[in-house]
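Biologist: Can you take me through this model? I'd like the fold and then the ligand site.

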Amino acid sequence: MDFTIRPVKAGDGAGINELRRMPGVFENILGIPSERIKRNEDFIQSLDENNHQLVATAKTPSGEELIIGCAGLTVYTNPRMRHSGGIGIMVHRDYQNKGVGTALMKALLDIADHWLMLVRVELTVFEDNIRAIHLYEKLGFEKEGLKKMAAIRNGRYANEFLMARIKSAGA
Ligand SMILES: CC(C)(COP(=O)(O)OP(=O)(O)OC[C@H]1O[C@@H](n2cnc3c(N)ncnc32)[C@H](O)[C@@H]1OP(=O)(O)O)[C@@H](O)C(=O)NCCC(=O)NCCS
């Protein structure tokens, strides 16, 4: 499947909002169906040099650009944590399981490894999100612990794994 990965830009808020509210996505991120486009536009405006936010795009049959995925790496700004960062990712439900998530994660990890030389990259994932856990383990993340009742999902408190990928300096 043809798709392109590029940095997020002003004007992407509506496309990102669409993804964040989409069944098949919002349940597994911390999205909420009432989320407004303004929140997503404000988020884009608020990004700074410690945020590396990418989108994956594909062409619709009529030739328009459609945002089919979004992933971000935030480098922690505390001086004692600047060797580490956190990742979040989502892919449009109609484009899942086609390699888009892998490509987005690899693009972020290339930045983390070769251009920022981060040692630790971490994320959280619901404990039953098997596809996401498979993707993260494939790329070197390991489960570090279980956060019990970490977030609300569909009327219940759900557990999340904390996962991290450690890369020693120069490796
Ligand atoms: C999780 C997510 C980001 C992965 O992106 P994606 O584009 O679907 O992933 P890819 O197609 O690149 O890779 C999926 C991998 O999972 C595997 N997979 C799919 N379903 C699986 C399952 N039920 N069990 C185990 N592995 C599974 C695929 O075979 C593939 O692995 P492979 O490359 O070794 O063959 C995407 O599905 C998504 O956005 N889901 C909803 C939101 C979400 O969960 N975000 C992450 C929050 S932590």
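This is a predicted model: local features need pLDDT of at least 70, side-chain atom pairs count only at pLDDT 80 or more; totals for chains, interfaces and linings use all residues.

Biologist: How many helices and strands does the protein have?

Modeller: The protein has four helices and seven strands. Helices (H or I, at least four residues) and strands (E, at least two) are DSSP runs, numbered from the N terminus. Along the sequence the pattern is β-α-α-β-β-β-α-β-α-β-β.

Biologist: What is the radius of gyration, and what would a compact globule have?

Modeller: The protein has 16 Å, which agrees with the value near 16 Å for a compact globule of 171 residues. That radius is taken over C-alpha atoms, and the globule rule is 2.2 Å times the number of residues to the power 0.38. The C-alpha atoms fill a box of roughly 45 × 40 × 30 Å along the principal axes.

Biologist: How much of the protein counts as buried?

Modeller: 25% of the 171 residues. A residue is buried if 20 or more other C-beta atoms lie within 10 Å of its own, exposed if 12 or fewer, and partly exposed in between, with C-beta atoms placed from the backbone.

Biologist: On to the ligand. Which residues come nearest?

Modeller: N28, Q96, G101, T102 and H134, out of 21 residues around the ligand. Near here means that the C-beta atom, placed from the backbone, lies within 6 Å of the molecule.

Biologist: Which element gives the largest share of that shell?

Modeller: α4, with six residues. The elements that each supply at least two residues are β4 (84–91), α3 (100–115) and α4 (130–138).

Biologist: And the shell by class?

Modeller: Ten nonpolar, eight polar and three charged residues. Ala, Val, Leu, Ile, Met, Phe, Trp, Tyr, Cys and Pro count as nonpolar, Asp, Glu, Lys and Arg as charged, and the others, Gly among them, as polar.

Biologist: Changing topic: which members of the largest nonpolar core touch the most others?

Modeller: A71, I87, L104 and L108, in a core of 29 residues. Elements giving two or more residues to this core include β3 (65–75), β4, α3 and β5 (120–126). A nonpolar core is a set of buried Ala, Val, Leu, Ile, Met, Phe, Trp, Tyr and Cys residues joined through C-beta atoms within 7 Å.

Biologist: What is L104 in contact with?

Modeller: Leaving aside neighbours within four places in sequence, L104 contacts I5, L54, A56, G69, A71 and I89. Contact means that the C-beta atoms, placed from the backbone, lie within 7 Å. A103 is partly exposed, because 18 other C-beta atoms lie within 10 Å.

Biologist: Which faces of β5 are covered and uncovered?

Modeller: V121, L123 and V125 make up the covered face, and R120, E122, T124 and F126 the uncovered one. In a regular strand the side chains alternate between the two faces of the sheet. β5 runs parallel to β4, and three bridges join them; R120 is the bridge partner of S84. Strands pair if DSSP finds at least two bridges between them.

Biologist: How many residues of β6 are buried?

Modeller: The count is zero among the twelve residues of β6 (142–153). Eight bridges join β6 to β7, and the two strands run antiparallel. A151 stands opposite A158 in β7. The two strands form a hairpin with two residues between them, and N154 in the turn has a positive phi of about 50°.

Biologist: Where does N97 lie, and what is its phi?

Modeller: N97 lies in the loop between β4 and α3, with a positive phi of about 65° although it is not a glycine. Most residues other than glycine have a negative phi. M149, in strand β6, also has a positive phi, near 50°.

Biologist: Is N97 buried or exposed?

Modeller: N97 counts as exposed because it has 10 C-beta neighbours inside 10 Å. M149 is exposed as well, with 10 other C-beta atoms within 10 Å.

How values were computed: Residues are numbered from 1 along each chain as its sequence is written. Two residues are in contact if their C-beta atoms, placed from the backbone, lie within 7 Å.
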